[in-house]
Amino acid sequence: MHFGEPVSDDRFLNLIRHAYVHGIRTFMTADVYGLGQADEMLGRALDGLARDTYCLVGMVGHDIYPGKRDGSKGYLRFTDPTLRKPSEFLDYLKMAVEKQLQRCRATKLDVLLLHNPDSTGYSSPAVWKAMEKLIDAKLTDRVGIAPGPANGFTLDIIQCFERFSGLVTRAMIILNPLEPWPGLMCLPAAQKHGMKLITRVVDYGGLFHDDVKPGHQFGYGDHRTFRPAGWVDGGNQRMDRMRDFAHKHNLTMLQLACLWNLSHAPVENVVPTLIQEVGPNAKPIEIKVDELGAVGIDARLKDFKFDDDERRQILDIGNNKGCMELKGGNPSHTGEPLPDRWPLNDELLQIAQRWDIKPQEDLVCTHHTAKAAA
């Protein structure tokens, strides 16, 4: 809502309706996005449409209701011990979901995701008992977890799958052909525990929309300016090596990224970021929506699968292992836990062993430029 070229409310509303008409029937929102503005926009756009014709996914987790940010750290997680005790988790979650539903002009979510949790959110029975009671209260049909916004949390995601299998049935991870690491490492555990995965940032910061080129000028305050220097140039070079696969199957680059993700079990959804980029050569955001919608409704695309060899070749081109410092349980973190990063404990190390993940090799940054940027 606040990146790229300024977009009017009318265009946002029309864009959501345009998405619905052109085959996109899953809509996601988080209460922290615009402090409820995204919820309200979605509610206005979908008002009047038959509720059983689309899926509504809501996310809560940051305590936005006092309206106080913790400086550059943003809003505290609702599980922060300075805010409340575990016995108060349910009251907060119920209040937050009810407020989100009111803004969305809905009575129930199809899926509720715990948004950007700290280590307590991944592992606490008190959190997930409270989430289960929201199903009992008919505020949502399903619950799951949405790590982020940074990359990582691999062992913590698997811990959540294992501890709360049968209750947690959805998870959102970062995954795309230029960012297969570390997301691919949690897929075997997700499949074993019957998870359906939502893969976000499938566009890799806009590159797969094919209008973020070397020399691109991002708008003021755009979060992508915090990425390491050279990511646009390097990403475009690797993406160009994938174009033969797109040409072979008559795909746009966004569709290639979406279908590569969907060729992995248990991936069920792809969620690109849709931004009207700055500049005269930027692709209209409506066309980006059309390309996305076609993946689900175009008869040629909706059943398309890359074969194993193509999938591996694309993976080899995009291999990004070790390119950044990861969040969550991490062998590089020492000292007190932070809201988005903490040391490995015995349980996480046991999880790593069970799933053949070697933390000192698989969860560490090995690119010196990325370490310097971090």
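Trainee: How much space lies in the largest cavity?
Mentor: About 100 Å³. That volume is the space filled by probe spheres set on grid points, with points joined across faces, edges and corners.

Trainee: What kind of model is this, and how are residues numbered?
Mentor: This is a predicted model, in which local features need pLDDT of at least 70, side-chain atom pairs count only at pLDDT 80 or more, and totals for chains, interfaces and linings use all residues.

Trainee: What makes a space a cavity, and what makes it a pocket?
Mentor: Both are sets of points on a 1 Å grid over the protein atoms alone. In a cavity, a 1.4 Å probe fits but cannot get out. A pocket is an open set, with protein on both sides within 12 Å along at least five of seven lines. Lining residues have an atom within 4 Å of a point. By this rule there are three cavities of 30 Å³ or more.

Trainee: How do the lining residues of the largest cavity divide?
Mentor: Nine are nonpolar, five polar and one charged. Here Ala, Val, Leu, Ile, Met, Phe, Trp, Tyr, Cys and Pro count as nonpolar. Asp, Glu, Lys and Arg count as charged, and the others, Gly among them, as polar.

Trainee: What about the second largest pocket: how much space lies there?
Mentor: About 280 Å³. Its lining has 15 residues, with D80, P81, D118, L338 and P339 nearest the centre. Seven of the lining residues are nonpolar, three polar and five charged.

Trainee: Why is helix α6 called largely enclosed?
Mentor: Eight of its ten residues (154–163) are buried, so the rest of the structure largely encloses α6. Buried means under 20% relative accessible area, exposed over 50%, and partly exposed in between (1.4 Å probe, protein chains only). The buried residues of α6 are T154, L155, D156, I157, I158, Q159, C160 and F161.

Trainee: What do the buried residues of α2 pack against?
Mentor: α1 (9–21), β1 (26–30), β2 (55–60) and α3 (89–104). Helix α2 spans residues 37–46, and seven of its ten residues are buried, so α2 too is largely enclosed. Those seven are A38, D39, M41, L42, G43, A45 and L46. Just after α2, G48 takes a positive phi of about 95°.

Trainee: Why does N261 count as buried?
Mentor: The relative accessible area of N261 is 0%. The cut-off is under 20%, so N261 is buried. N261 sits in helix α10 (residues 253–262).

Trainee: Which residues does N261 touch?
Mentor: L175, N176, P177, T199, V202, V267 and V270, leaving out residues up to four places away in sequence. Contact means heavy atoms within 4.5 Å. A polar side-chain atom of N261 also lies 2.8 Å from the backbone oxygen of L175.

Trainee: How do you know that H216 is buried?
Mentor: H216 has 16% relative accessibility, which falls under the 20% cut-off, so H216 counts as buried. H216 is in the loop between β6 (196–200) and α8 (231–240).

Trainee: What makes the link between the side chains of H216 and E277 a polar contact?
Mentor: The value is 3.3 Å. A polar contact is a pair of N or O atoms within 3.5 Å. Within protein, one must be able to donate a hydrogen and the other to accept it. Residues adjacent in sequence count only if both atoms are side-chain atoms.

Trainee: Is N345 buried, exposed or partly exposed, and what places N345 in that class?
Mentor: Partly exposed, at 38% relative accessible area. That value is between the 20% and 50% cut-offs. The side chain of N345 reaches the backbone nitrogen of L348 at 2.8 Å.

Trainee: What makes a nonpolar core?
Mentor: A set of buried Ala, Val, Leu, Ile, Met, Phe, Trp, Tyr and Cys residues, joined through side-chain atoms within 4.5 Å. The largest has 99 residues, and W128, M131 and F208 have the most contacts inside it. Helix α10 gives the largest share of this core, eight residues.

Terms used: Residues are numbered from 1 along each chain as its sequence is written. Side-chain values use heavy atoms; hydrogens and water are left out. Helices (H or I, at least four residues) and strands (E, at least two) are DSSP runs, numbered from the N terminus.
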